[in-house]
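Please look over the sequence and the model first.

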Amino acid sequence: MASLSKRGGGGGAEGILASFSRSSVAAYGREAATMGKKLLRSTGKAAWIAGTTFVVPLIIEMDREQQLNDIELQQQALLDPAPPAK
């Protein structure tokens, strides 16, 4: 083990990681990650608001329109006489 310590293989990795985690690069990385999380959260909220405000009512209205079209086709089929068979 003494030979590992002399070569820097023993506790040197912990020192490098500790010094890196205190560096300005790591601080910028943490700040970027925090901003990314906030951006994703706000984007998700905006998508939810847009979906519930615009998309869902549009789908409901399209379904109603399709139901009315189906009813009209059924009424036409009942009221119109069938063409004579040849």
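Helix H3 is made of 56 residues, and from its first C-alpha to its last it reaches 80 Å. That span is close to the 82 Å expected at 1.5 Å a residue. H3 covers residues 24–79. At Gly51, H3 bends by about 40 degrees.

## Overall make-up

The model is predicted. Its secondary structure consists of 3 helices and 0 strands, and the order of elements from the N terminus is α-α-α.

## Confidence

The average pLDDT of the chain is 81, and 77% of the residues score at least 70. Among the elements, H3 has the highest mean pLDDT, 91. The lowest mean, 48, belongs to helix H1, which spans residues 2–7. Over residues 1–8 the pLDDT is below 50, and this stretch has 2 contacts in the model beyond near neighbours in sequence. Where pLDDT is low, the predicted coordinates should not be read in detail.

## Surface

How much of the chain counts as buried? The figure is 2% of the 86 residues. The accessible surface of the chain comes to about 8,000 Å². Carbon and sulfur atoms account for 66% of that surface.

## The salt bridge

Searching the whole structure turns up 1 salt bridge. The side chains that meet in a salt bridge are those of Arg64 and Glu61, with a distance of 3.8 Å from N to O. This pair falls within the 4 Å cut-off used for a salt bridge.

Where do Arg64 and Glu61 lie? Both are in helix H3, 3 residues apart, which is about one turn of the helix. An α-helix has 3.6 residues a turn, so residues three or four places apart point the same way. Glu61 has a relative accessible area of 43%.

Methods:
Residues are numbered from 1 along each chain as its sequence is written. Side-chain values use heavy atoms; hydrogens and water are left out. pLDDT is the predictor's confidence in each residue, from 0 to 100. Helices (H or I, at least four residues) and strands (E, at least two) are DSSP runs, numbered from the N terminus. Contact means heavy atoms within 4.5 Å. The expected span of a helix is 1.5 Å times one less than its number of residues. The bend at a residue is the angle between axes fitted to the seven residues ending there and the seven starting there. Buried means under 20% relative accessible area, exposed over 50%, partly exposed in between (1.4 Å probe, protein chains only). Accessible areas come from the Shrake-Rupley method with a 1.4 Å probe; for residues, only the protein chains shown count as cover.
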